[in-house]
Amino acid sequence: MNDELAEQLLCLRELVLAAGDMLLDSMGRIVHIEAKAATEFVTDVDKRVEDLVLEGLARTFPADAVLAEESGAHPGGGGSGGRTWYIDPLDGTTNFAHGYPIFAVSAGCAGPEGLVLGAVYLPYLDELYLAFRGGGARLERPRHGVAAPLARRTPVELESALLATGFPYVRDAAVDRTLSAVGAFLRAPCHGIRRGGSAAADLVHVAAGRLDGYFELRLRPWDTAGGTLVAREAGVIVTDLAGVEVAVPSPGVVAAAPGLHGRMLKMLAETAGREPV
Ligand code: IPD
Ligand code: CA
Ligand code: CA
């Protein structure tokens with residue numbers, strides 16, 4: 001099984017590299033921007049990259065179903081154990097549209113046992129994160145010609161942690177809940193809180209030890225699937241807001257190094273006025 005997944009990860013690697021290259025080539029060359037909502041956008045680049053990924057998945061994994069951000073659900077041909085791919089062709093569209101260099105291609109595949117394959121590629125940063133279930137996680141820097149396994153995360157105290165979060169597109173009560181949690185973490189005090197603008201990047205950066213903890217209240221499965229497997233394979237605890245290690249967390253996600261995760265969960269519950277779990 002591991003050999004099979006390792007081989008499938010190589011196919012996924014080629015696919016996300018091609019998708020990331022398309023993103024890099026398209027930077028600064030958006031032809032069309034459409035508003036999905038007052039503060040949420042989709043560009044022609046999101047759609048072109050999604051088409052490329054969908055074609056690749058249909059060719060390589062025809063049995064699998066796909067849920068992709070821009071085009072929705074695509075039933076698979078069946079037969080590969082009921083697996084589903086979660087695809088975000090461009091995670092960080094707002095960044096991309098402004099030329100802010102944190103954006104990613106994210107792909108995760110889940111079967112009945114949970115996530116089995118994950119890839120997140122940040123082409124501008126030259127960071128490709130890959131993982132298969134039970135195989136650990138690794139970081140490649142293709143243009144630098146380096147690749148290495150990610151070390152497993154060790155315990156971190158909140159007082160020495162660098163955290164990240166995300167702000168919801170819909171500016172409703174979730175904004176206030178996010179801000180009151182940010183206030184509580186800043187006063188802990190932690191070392192700082194970042195808002196990078198790509199959930200997939202936040203998750204893999206916790207995996208790589210660049211961040212120690214991350215939470216966000218309103219995400220979709222395609223934002224979290226790829227990064228969740230990479231993070232878990234690097235020893236990061238990734239749950240929903242109730243602390244459950246669901247296969248693909250959404251809408252809420254809490255990802256943190258051991259030791260820190262429980263404390264973040266408790267503070268998030270307190271700031272939301274809920275009983276800690
Ligand atoms: C968004 C990014 C952002 C997060 C949003 C997501 P998109 O994805 O991951 O960091 O805060 O909630 O929707 O729209 O750029 O693919
Ligand atoms: Ca996204
Ligand atoms: Ca997207």
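**Loop geometry, buried threonines and the domain interface**

In the loop between helix 4 (173–187) and strand 12 (192–194) lies P189, and the peptide bond that leads from A188 to P189 is cis, with omega near -5 degrees. This and the following descriptions refer to a predicted model. A further cis peptide bond joins S250 and P251, where omega is about 0 degrees, and P251 is likewise placed in a loop, that between strand 14 (237–239) and strand 15 (253–256). Most residues other than glycine have a negative phi, and most peptide bonds are trans. D126 belongs to the loop between strand 7 and strand 8 and, with a relative accessibility of 1%, counts as buried. A positive phi, near 85 degrees, is also found at G209, which follows helix 5.

Helix 5 itself (residues 199–207) is largely enclosed by the rest of the structure, because nine of its nine residues are buried. The buried residues of this helix include the charged D202, together with H205 and several alanines, among them A199, A200 and A201.

T165 lies in strand 11 (residues 162–165) and is buried, its relative accessible area being 1%.

A polar atom of the T228 side chain lies 2.7 Å from the backbone oxygen of T224. An α-helix has 3.6 residues a turn, so residues three or four places apart point the same way.

At the level of the whole chain, the domain assignment gives domain 1 (2–149) and domain 2 (158–272), whose C-alpha centres lie 21 Å apart. Contact between them involves 39 residues of domain 1 and 26 residues of domain 2, and the area buried between the two domains is about 2,300 Å², to which carbon and sulfur atoms contribute 66%. Ten residue pairs are in polar contact between domain 1 and domain 2, and one salt bridge is found across their interface. The side chains of E127 and R210 meet in a salt bridge, with a distance of 2.3 Å from N to O.

On the side of domain 1 that touches domain 2, at least two residues each are supplied by strand 3 (65–68), strand 5 (84–91), helix 3 (93–98), strand 6 (104–111), strand 7 (114–122), strand 8 (127–132) and strand 9 (137–141). The largest share, eight residues, comes from strand 7. By residue class, this side of domain 1 divides into 22 nonpolar, eleven polar and six charged residues.

Key:
Residues numbered from 1 in each chain as written. Chains lettered and ligands numbered in written order. Predicted model: local features only at pLDDT ≥ 70, side-chain atom pairs only at ≥ 80, totals over all residues. Heavy atoms only, no water. Domains from an automatic or database assignment. Contact = heavy atoms within 4.5 Å. Buried area = accessible area lost by both parts, 1.4 Å probe. Salt bridge = Lys/Arg side-chain N within 4 Å of Asp/Glu carboxyl O. Polar contact = N/O pair within 3.5 Å; in protein donor to acceptor, adjacent residues only side chain to side chain. Helix = DSSP H or I, 4+ residues; strand = E, 2+ residues; numbered from the N terminus. Buried < 20%, exposed > 50% of the residue type's maximum accessible area, 1.4 Å probe, protein only.
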